[in-house]
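The sequence and structure come first.

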Amino acid sequence: MKKRKKFQTEGVCIPSLHYMADTSAAIGRIIDGYIEQGAYFTINRARQYGKTTTLELLYQRLRGTYIVLDISFEAADDCFVSVYTMAQGLIQKVTEALLENEVSDELLQLWKEPVSRELPLADLSAKITGFCRQCKKGVILMVDEVDKSAGHQLFLSFLGLLREKYLKQLAGRDHTFLSVILAGVYDIKNLKLKLHPQEEPKYNSPWNIAADFTVDLSLSRESIQGMLEEYEQDCHTGMDCKKIAGMIYDYTNGYPFLVSYICKKIDEEISGSSQFPRLSDAWTREGVLVAIKLLVTGPNTLYDDMIKHVSEYHGLYDMLHDILFSGQEYAYHEYEPSMEIGRMFGFLVNRSGVATVANRIFETQLYTWFLANAGRKERIASQQLPDKHQFQHDGELDMDHVMRCFYEYYTALYSREDDSFLEKYGRKIFLMYLSPILNGSGNFYVEDQSRSKRRSDIVIDFHGKQYIVECKIWHGEEYNRRGRKQLREYMDAYQTEKGYLLSFNFNKKKSTGIQTIWCDGKPILEVVV
């Protein structure tokens, strides 16, 4: 009996073993636009973004046409004891790769000749020249996990050697690798390696010959749908592949690890549970929301990595906090240090010229983590937070009760607080109130297009049901009417029958309270504090 494929989250994806999104178009663009043009380039993407899988797919497509040397210096610190050991270590790794390429014995022996101890780099350079001159095929060097080696000055010397040979080959004065690909998280091209918060970044790069790599490695809705359709052919769940793929994409923005994680959880954990006893029960909107809750709450290696880096880089911490809680907009600039770090680690993206959290999953994880920190450190969360059990009845969230109790909580604790403080942190106060209510049973995110200093639409997921809360600062009755209309549009988009409008009113003659209003046939509970 044929063994069924699995969804992979722990390493390289193999088409014969794992369900995979079709990335052949991206692989083709890399080959046509870079490798066949003789480019040297870096694939710098965040952790678990499919770099190693991309190299493997490139290897499978290129071998035969080219000699492909696929190596890694991961866990190879002993190679960097001296220039000689580095050169010999490289020779050994390339020898192993040549055996996989089934080159002739003559080429293998030519490469395996040891370098001299006196001038190992010069000898290595001559060895590369002689080898590439004898090869009838172009030779491609691929180095994975390159940032694990880039902290070693000796490795930088090797990059300098490759740069020199590349420039001489362009001038027709040398033979060397046709193309070199370096893959890693850190930006080797600009050499801001060892990005520890206490250290100055380094810009003197021996890799400034690298072509800009612009191929998008994220997964599209269509490619996720194709992966699910392959799964459906094997498992016959009856799922709506297009709908489920669109939902997964909306939460992940195509981040490969997040996509695979959600699918793996549905397939291996959620299906067969008491709530979703069959695969057909799990591959539904409700099943996806449960998988997202598991992903958001962790633990997983990507979440661990995020918290580590955001904690380390205080500028990035402050920027993310302002974006999420104050609606602050930061114009995106590639070389602003905090943005560059956030982009490199995959937490920030450039969306229409504005720095934005990369996806809903990261956003929700960051909200949860910031709020947990605030609960320990900040006065706005230190008093009288609610017992979540009073808001849950028969597995459903009593959102009306949540909003009414928040009105009482806010009025009792913050009615005499400084207005400038409340205007900045009003949204945070509400989310800190909401977070323990949802803990363990639901989560929330804020719609990107609505997040600003004036308003935001908070979408709450709870046991497969969604609730929309528009949270805004009061700017008069006309602005309030527009807010109701915008909320009504979101209610239709999310197919909810009731909406919630939370207004923070800082007028001196303000009128506060709770009322139910009707907008185009649907009720909205309006709370003004």
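## Lys168

Lys168 is part of helix H6, which covers residues 153-170. The model is a predicted one. Leaving aside residues up to four places away in sequence, Lys168 is in contact with Arg173 and Asp174. Its relative accessibility is 31%, so Lys168 is classed as partly exposed, between the limits of 20% and 50%.

## Overall make-up

The protein has 529 residues, of which 54% are buried. Its secondary structure consists of 18 helices and 14 strands.

Of the contacts between residues at least 6 apart in sequence, 68% link residues at least 24 apart. The exposed surface comes to about 24,100 Å², with carbon and sulfur atoms supplying 48% of that area.

## Helices H3 and H4

Two packed helices are described by the angle between their axes and the distance between those axes. For helix H3 (residues 83-101) and helix H4 (residues 105-112), the angle is about 170° and the axes are 10 Å apart. Because angles over 145 degrees count as roughly antiparallel, H3 is roughly antiparallel to H4.

On the H3 side, the contact involves Ile91, Val94, Thr95, Leu98 and Leu99. These meet Leu108, Trp111 and Lys112 of H4. By type, the residues of this contact are 6 nonpolar, 1 polar and 1 charged.

## Residues with positive phi

Most residues other than glycine have a negative phi. Glu102 has a positive phi, near 55°, and sits in the loop between H3 and H4. With a relative accessibility of 69%, Glu102 counts as exposed.

Asp394 also has a positive phi, near 55°. This residue belongs to the loop that runs between strand S7 (392-393) and strand S8 (396-397). The relative accessible area of Asp394 is 82%, so Asp394 is exposed.

## Cysteines

How many disulfides does the structure hold? The count is 0. Cys135, for one, is in no disulfide: the nearest cysteine sulfur belongs to Cys132 and is 6.0 Å away, whereas a disulfide requires two sulfur atoms within 2.5 Å.

Are Cys135 and Cys235 buried or exposed? The limit for a buried residue is a relative accessible area under 20%. Cys135 has 10% and is therefore buried. Cys235, at 14%, is likewise buried.

Technical notes: Residues are numbered from 1 along each chain as its sequence is written. This is a predicted model: local features need pLDDT of at least 70, side-chain atom pairs count only at pLDDT 80 or more; totals for chains, interfaces and linings use all residues. Side-chain values use heavy atoms; hydrogens and water are left out. Buried means under 20% relative accessible area, exposed over 50%, partly exposed in between (1.4 Å probe, protein chains only). Axes are lines fitted to C-alpha atoms, for helices over the stretch in contact, and angles run from 0 to 180 degrees between N-to-C directions. Helices (H or I, at least four residues) and strands (E, at least two) are DSSP runs, numbered from the N terminus. Angles under 35 degrees count as roughly parallel, over 145 as roughly antiparallel, 65 to 115 as roughly perpendicular and the rest as oblique. Contact means heavy atoms within 4.5 Å. Ala, Val, Leu, Ile, Met, Phe, Trp, Tyr, Cys and Pro count as nonpolar, Asp, Glu, Lys and Arg as charged, and the others, Gly among them, as polar. Accessible areas come from the Shrake-Rupley method with a 1.4 Å probe; for residues, only the protein chains shown count as cover.
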